[in-house]
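Let's take a walk through a protein model together. Have the sequence and the 3D view ready, and follow along residue by residue.

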Amino acid sequence: MTQIALTHDAVVRLEKRPRRLRAERLEGVAALREAQALRFRVFSREFAATLKGAEFGLDMDDYDPHCEHIGVRDLGSGQLVATTRLLDHRAAADLGRFYSEEEFSLHGLAGLQGPVLEIGRTCVDLDYRNGATIAVLWGELAEVLNQGGYRYLMGCASIPMQDGGIQARAVMQRLRDGYLCTEHLRAEPKNPLPALNLPDNLSAELPPLLKAYMRLGAKVCGEPCWDPDFQVADVFILLKRDELCPRYARHFKAAV
C-alpha cells in the first residue's frame, strides 16, 4: 500500500512549500542505484565512511541483492529522500548470516520464536530529517512486516564517533537506564568501544533514528560495537511486535 504525507517544513530557498511524500518499494536495478546513491551521499558526508562502491558514488555491498529495499520519494522533485533495506530470515539463511552478525555475536537468535526481519542501512536526506518523513517510511515498513507475518524486527542504529566516543558513551548511559533488555537476545560486540573515562552525569541527545526506534518500543540488547569504516558506534536493537508502543500500533495493525 502506498503511503502519502503532506509536510510544511522550514523555508526552502526562501519560500515555504508543501512537500508531498510517498513511500514505495524500490524494485529493479535503477531504483536500487538510487538508494545506494542516497546512502553514499549521507554516509560519506556525515560520517566520512569508507564505502564499497565509492568510486561510482554508491554505497553497495554483497547484502543488497538479497534485501528488499523501501524508500520515501518527494513527488514534487522526484527525489528519493529516505531509504532502508530489509533482510528476512530466509535470505539470511541462504547467505549464512544476518548483516548484524558481522558486528555482534547474537546469543539467543536461534531461539527466537517466529519469523525475523532485519532492518539496516537506514538513512534520510538531511533536508527531510523530520518526523513526517520517518512516519511515511515506518508506514511502508509496517506493510512489509504485516505481509510477511514477522514477529521480530532487529538491526543496528548508529551513534557518531567523530568526537572520540563522548556522545556514544553518554547515549549508552541513557539507554542502559530505560531501554536495555537481554531477555530475548543478547548482542555481544565483536569490537567494543575503546575505554573512555566520563562523568556519570554526562547527558546527550539520542540520534534521531535511534530515538525513533525507542519510541516504537525497541530494546537495546547489549553494549555498542565500534565500526571504524563508518566511524560510528552501532547499537543492536530488537523490536518484538507484541510489545510495540500502543501509539504506533495502528501502523502495525496485524501485530496487535
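Which residue just after α5 takes a positive phi? That would be Gly217, with a phi of about 115°. Keep in mind that this is a predicted model.

## The big picture

Of its 256 residues, 51% count as buried. The chain exposes about 12300 Å², and carbon and sulfur atoms supply 51% of that area.

Now think about who touches whom. Take the contacts in the chain with a separation of 6 or more: residues 24 or more positions apart account for 75% of them.

In soluble globular proteins, nonpolar side chains tend to be buried together. Here, the largest nonpolar core has 43 residues, and Trp138, Leu141, Leu175, Leu210 and Met214 are those with the most contacts inside it. Helix α3, covering residues 131-148, gives the most to this core, with seven residues. There's also a second, separate core of 22 residues, and Val116, Met154, Cys156 and Leu185 are among them.

## Helix α5 and what follows

Helix α5 runs over residues 208-216, and its buried residues are Leu210, Ala212, Tyr213, Met214 and Leu216. What do they pack against? Their partners are β6 (116-124), α3, β7 (152-160), α4 (166-178), β9 (219-220) and β11 (232-240). Zoom in on Met214: leaving aside neighbours within four places in sequence, Met214 is in contact with Leu175, Tyr179, Leu206, Val220 and Ile237.

Next comes Ala218, which sits in the loop between α5 and β9. Is Ala218 buried or exposed? Its relative accessibility is 2%, so Ala218 counts as buried, as the cut-off is under 20%. Not counting residues up to four places away in sequence, Ala218 touches Tyr179, Tyr213, Ile237, Leu238 and Leu239. Leu239 is 21 residues away from Ala218 along the chain, yet their C-alpha atoms are separated by 4.2 Å.

Strand β11 is mostly covered, with nine of its nine residues buried. Val232, Asp234, Phe236, Leu238 and Lys240 point one way from the strand, while Ala233, Val235, Ile237 and Leu239 point the other way.

β11 pairs up with several strands. It runs antiparallel to β7, with nine bridges joining the two, and Gly155 has Ile237 as its bridge partner there. β9 also pairs with β11 in the antiparallel sense, over two bridges, and Val220 stands opposite Ile237. Finally, three bridges join β10 (residues 225-227) to β11, again antiparallel, and Asp227 stands opposite Val232. The hairpin of β10 and β11 has four residues between the strands, and Gln231 takes a positive phi near 55° in that hairpin.

## Cysteines and a buried threonine

One last stop: Thr83, in strand β4 (residues 80-88). Thr83 is buried, with a relative accessible area of 1%. Its side chain reaches the backbone oxygen of Ile70 at 3.0 Å. Leaving out residues up to four places away in sequence, Thr83 touches residues including Leu26, Ala35, Gly71, Arg121 and Cys123.

Terms used: Residues numbered from 1 in each chain as written. Predicted model: local features only at pLDDT ≥ 70, side-chain atom pairs only at ≥ 80, totals over all residues. Heavy atoms only, no water. Core = buried A, V, L, I, M, F, W, Y, C linked by side-chain atoms within 4.5 Å. Buried < 20%, exposed > 50% of the residue type's maximum accessible area, 1.4 Å probe, protein only. Contact = heavy atoms within 4.5 Å. Areas by Shrake-Rupley, 256 points an atom, 1.4 Å probe, with all protein chains shown as cover. Polar contact = N/O pair within 3.5 Å; in protein donor to acceptor, adjacent residues only side chain to side chain. Pairing = 2+ DSSP bridges.
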